[in-house]
Amino acid sequence: MGEVYLAEDQKLGRPVALKLLPAGPSCGDRGASAIIHEGRLLARVRHPNVVTIYGAEKIEDRIGLWMEFVRGRTLVQILHQGTAFRAAETTGIGLELCRAVAAVHGAGLLHRDVKTQNVMRAEDGRIVLMDFGTGRAFDDETSSDLAGTPLYLAPEVLLGQPATVRSDIYSLGVLLYRLLTRSYPVHARTLREIRRAHERGERTALQTARSGDP
């Protein structure tokens, strides 16, 4: 979606993550003003489990979003470096992410791409939801376009229906399943196969994948 740099806020003397996006035709259906507007909406969210957005501006042909610099690792990096998460640990992560998603929804926004790559565990143990590159406001008329990572998408979104609060919650459920099993509830290699699996109800129950968990 863009390029991200470790930068310095020279006024306040603190490190920030600076995300630069093109402001031209490559923005697709999202104009520069829409991205800046959503960045400013998200800047209103003050929650320890949501990355803090400090500002958003357009300068010449680039849009800049600067935000809290979080030291840590993404959940997918942690998964790749070890075994699946324990049930109790996954429950704790889930509680923090539910609070994060609720805060985003409370600001009138949808994330639309909740997945292990977009969640970090900071060095202090805090779970942080980030990367709102596909986010939308609730009343965005273009929100029915297919965006997100297919294996995390709710069935109705895959069929072309608009993303909703419920589809964000579905993606969160897939993320927690992924942490516990290192797999996905639906197994498919293409978008067509994913849609077909949902239509047929072909999914692996958590009790089957991790029979020893409560």
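A polar contact is a pair of N or O atoms within 3.5 Å. In this predicted model, the side chain of Asp 9 provides an example, reaching the backbone nitrogen of Lys 11 at 3.0 Å. Asp 9 itself belongs to strand E1, which covers residues 3–9. Because buried means under 20% relative accessible area, Asp 9, at 16%, counts as buried. Beyond its neighbours within four places in sequence, Asp 9 is in contact with Arg 14 and Val 16.

Helix H5 may be considered next. This helix comprises 17 residues, 165–181, and at 1.5 Å a residue it should span 24 Å; its end C-alpha atoms lie 25 Å apart, in agreement with that expectation. At the N-terminal end, H5 is capped by Thr 164, a side-chain oxygen of which lies 3.2 Å from the backbone nitrogen of Arg 166. Just after the helix, Arg 182 adopts a positive phi of about 60°.

The buried residues of H5 include Ser 167, Asp 168, Leu 172, Leu 175, Tyr 177, Arg 178 and Thr 181. Several elements contribute to their cover, among them helix H2 (75–80), helix H3 (87–106), strand E7 (119–122), helix H4 (155–158) and helix H7 (206–209).

Two packed helices are described by the angle between their axes and the distance between the axes. For H3 and H5, the axes come within 10 Å and cross at roughly 160°. Angles over 145 degrees count as roughly antiparallel, and H3 and H5 are therefore roughly antiparallel to each other. The crossing of H3 past H5 is right-handed. On the H3 side, the residues that meet H5 include Ala 87, Ile 93, Leu 97, Val 101 and His 105. Their counterparts in H5 include Val 165, Asp 168, Leu 172, Leu 176 and Leu 180.

Thr 204 lies in the loop between helix H6 (191–200) and H7. With a relative accessible area of 26%, Thr 204 is partly exposed. The C-alpha atom of Thr 204 is separated by 6.6 Å from that of Val 186, although the two residues are 18 residues apart along the chain.

Key
Residues are numbered from 1 along each chain as its sequence is written. This is a predicted model: local features need pLDDT of at least 70, side-chain atom pairs count only at pLDDT 80 or more; totals for chains, interfaces and linings use all residues. Side-chain values use heavy atoms; hydrogens and water are left out. Helices (H or I, at least four residues) and strands (E, at least two) are DSSP runs, numbered from the N terminus. The expected span of a helix is 1.5 Å times one less than its number of residues. Buried means under 20% relative accessible area, exposed over 50%, partly exposed in between (1.4 Å probe, protein chains only). Contact means heavy atoms within 4.5 Å. A polar contact is a pair of N or O atoms within 3.5 Å; within protein, one must be able to donate a hydrogen and the other to accept it, and residues adjacent in sequence count only if both atoms are side-chain atoms. Axes are lines fitted to C-alpha atoms, for helices over the stretch in contact, and angles run from 0 to 180 degrees between N-to-C directions. Angles under 35 degrees count as roughly parallel, over 145 as roughly antiparallel, 65 to 115 as roughly perpendicular and the rest as oblique. A crossing is left-handed if the near helix is turned anticlockwise from the far one by less than a right angle, and right-handed if clockwise.
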